[in-house]
Amino acid sequence: MPALMLALDRGGSCNGIAYRLPAEDHLGQIVQLLRREIDANPPTNVPCWIKLRTRDGPLRALAFVAAPEGRAYAGRLALEQVAHTLARAAGHWGSSAQYLFRTVAKLEESGIRDRNLWRIQDLVARQIIASTEAQRQG
């Protein structure tokens with residue numbers, strides 16, 4: 001079952017985590033990021049240089065932004081529909097539910113709480129529990 005991915009979309013702002021590339025082989029590191037993040041033609045997740053505000057001052061960073069013209073662009077789905085997909089889907093990088101859990105845990109570890117991600121995580125957990133109970137009974 002095709003998965004959904006978390007992506008930045010145009011409009012608004014968000015809090016997140018900026019990662020600094022290791023000092024050696026910047027070009028190789030960027031090529032690796034591009035291979036991991038861009039997996040369609042035309043891509044749904046496109047690289048974009050953005051300006052960040054950090055505690056240490058402004059930074060310029062490479063981000064991957066959702067492209068509405070990409071074949072895999074899902075747009076704004078209801079949280080329940082997102083949870084339904086994530087509870088069941090797995091992509092070439094693994095389970096979508098695990099991806100969501102790791103993302104939420106990393107944000108929480110950094111003091112960032114996104115109410116929509118927490119709500120989706122709760123809905124996904126409920127669907128996985130219900131599915132597991134249904135399998136046991138069936």
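Colleague: Is Asn45 buried or exposed?
Modeller: This is a predicted model. In it, Asn45 is buried, because its relative accessible area is 3%, and the cut-off for buried is under 20%.
Colleague: Where is Asn45 found?
Modeller: Asn45 is found in strand 1, which covers residues 45-54.
Colleague: With which side chain does the side chain of Asn45 make a polar contact?
Modeller: The partner is the side chain of Glu37, at 3.0 Å.
Colleague: And which residues does Asn45 touch, leaving out those up to four places away in sequence?
Modeller: On that basis, Asn45 touches Met5, Ala7, Glu37, Ile38, Phe64, Val65 and Ala66.
Colleague: Let us turn to Leu8. Where does Leu8 lie?
Modeller: Leu8 lies in the segment that precedes helix 1 (26-37). Leu8 counts as partly exposed because its relative accessibility is 32%.
Colleague: How many residues apart in sequence are Leu8 and Ala66?
Modeller: They are 58 residues apart in sequence, and their C-alpha atoms are 5.7 Å apart in space. Leu8 touches Ala66, and also Cys14, Ala63, Phe64 and Val65, not counting residues up to four places away in sequence.
Colleague: A change of topic: which residues of helix 2 are buried?
Modeller: In helix 2 (residues 79-88), the buried residues are Val82, Ala83, Thr85 and Leu86. Viewed down the helix axis, these buried residues fall within an arc of 165 degrees, so they line one face of helix 2.
Colleague: What covers the buried residues of helix 2?
Modeller: The cover includes helix 3 (96-109) and helix 4 (115-137).

Definitions and conventions: Residues are numbered from 1 along each chain as its sequence is written. This is a predicted model: local features need pLDDT of at least 70, side-chain atom pairs count only at pLDDT 80 or more; totals for chains, interfaces and linings use all residues. Side-chain values use heavy atoms; hydrogens and water are left out. Buried means under 20% relative accessible area, exposed over 50%, partly exposed in between (1.4 Å probe, protein chains only). Helices (H or I, at least four residues) and strands (E, at least two) are DSSP runs, numbered from the N terminus. The arc is that of the directions from the helix axis to the C-beta atoms. Contact means heavy atoms within 4.5 Å. A polar contact is a pair of N or O atoms within 3.5 Å; within protein, one must be able to donate a hydrogen and the other to accept it, and residues adjacent in sequence count only if both atoms are side-chain atoms.
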